[in-house]
Amino acid sequence: MAADLLISEMTVGKRFKIGVVTLNAPTKLNALSLSMVEGLGAQLRIWANDKKIAAVWLQGAGDKAFCAGGDIVDMYHAMVATPHTVQAEVCHFFTQEYQTDHLIHTFPKPVIVWGDGIVMGGGIGLMVGGSHRLVTERSRLAMPEISIGLYPDVAGSWFLPKMPDNAGLFLGLTGAQINGRDAVHLNMADHRVSSAKQTQLKAGLANLSWQGDNHDFAMLSDFFRDHELSIKNKDVALPEGYLSHQQTVSDLRAGESLQQVVAAILNQDTEDPWLQRAQANLRAGSPNTAHLIWQMIQQPPADLASAFRQELGMSCRCAESGEFAEGVRALLIDKDRKPQWQFADVNQVPESVVRHHFSSPWPADVHPLRSLGH
């Protein structure tokens, strides 16, 4: 197993264990490498068939992040080496990532995700599929792909349209950061707990009445709910949310076209620093990405597996177009934060370009994710 993924097991009850996975790249905020997503997927498949494993606990190393996204520098080099093609390296990474994400969503045993600190992009993909998703007063969640010419993937086309009040559209277009309270409100997380209580929570799991069947899901929900209530009673600082109480933000999500929504957000006169940052992200972001977000939310895929299949094609198309590479260059390579997008604003993106991103690079019978969900 690669050093950037740590695997262990902890005993719970009289005859069961919890499999513990630690994303171990703290200097990179636990950004996902190819070896990490492949190793995690392989280990989950082993534990799914191990009768002694009753649940999985997924966490990040260090105290800054669960996972800040994908480690996309290697993909950048592949994109610039063979521009305007569907690059095998890029498609392979996304294929492996989406397979692992889908496995978490459909895992037959509880998957507990410790979503402390930064949870962004690929980290969201790991977290949202968990059965018991824990956030803390330090959690900061975002889908900031508009800044790099990608789009909110990792099943974003599946879970963003399901958010109340069209919040998914706003989060996708602005890459806005939200906290734990927002995450629970939007069904991206289940329980808010104290960051200082991780050790205590794990110790408490050892004393539960594990049965190794569906009973354990409800048992864990009760356990984390009781813990959440106990910290509320002790007045632990759990910050107010950004989205749940702002009528202004709710108003900005409405509109009959992407152009109307973008104009409403950018033209809003506000002194709120959070909303100003959201406006700045949208203003500097890829107009092409904005169209992809609008389209995938207006016409969401039929099911989870279809979402991942569609997104694999979209991600490879973003790499093929050069937009993804340019976004990575500006943010992470040259760091000039001055991306030269293909189109100046959302009014200039041709419908044919958007349609091309939703066209699969492969016939259905050879799609890399053709067996997903079967």
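Tutor: Let us begin with Thr11, whose bridge partner in strand β2 is Lys17. What you see is a predicted model, in which local features need pLDDT of at least 70 and side-chain atom pairs count only at pLDDT 80 or more, while totals for chains, interfaces and linings use all residues. Residues are numbered from 1 along each chain as its sequence is written, and side-chain values use heavy atoms, with hydrogens and water left out.

Strands (E, at least two residues) and helices (H or I, at least four) are DSSP runs, numbered from the N terminus. Strand β2 covers residues 16-23 and pairs with β1 in the antiparallel sense over eight bridges, where pairing requires that DSSP finds at least two bridges between two strands. In general, strands of a sheet pair through backbone hydrogen bonds, either parallel or antiparallel.

Widening the view, these strands belong to an open sheet of six strands with mixed pairing, in the order β1-β2-β3-β5-β7-β9. The edges are taken by β1 (5-12) and β9 (191-192), each of which has a single partner strand, so one side of each is left without a neighbour in the sheet. Across β1, β2, β3 (53-60), β5 (111-115) and β7 (132-135) lies helix α8 (residues 198-205), which runs at about 175° to β3. Contact here means heavy atoms within 4.5 Å, and the angle, on a scale from 0 to 180 degrees, is taken between N-to-C directions of axes fitted to C-alpha atoms, for helices over the stretch in contact.

Because Cys91 lies in helix α3 (residues 88-105) and Cys316 in helix α14 (residues 304-321), the bond ties together parts that are 225 residues apart in sequence. Cys91 counts as buried at 8% relative accessibility, and Cys316 is buried at 1%, where buried means under 20% relative accessible area, exposed over 50% and partly exposed in between, for a 1.4 Å probe and protein chains only. Cys318, by contrast, is in no disulfide, the nearest cysteine sulfur being that of Cys316 at 9.3 Å, although Cys318 is also buried, with a relative accessible area of 1%.

Technical notes
A disulfide is a pair of cysteine sulfur atoms within 2.5 Å.
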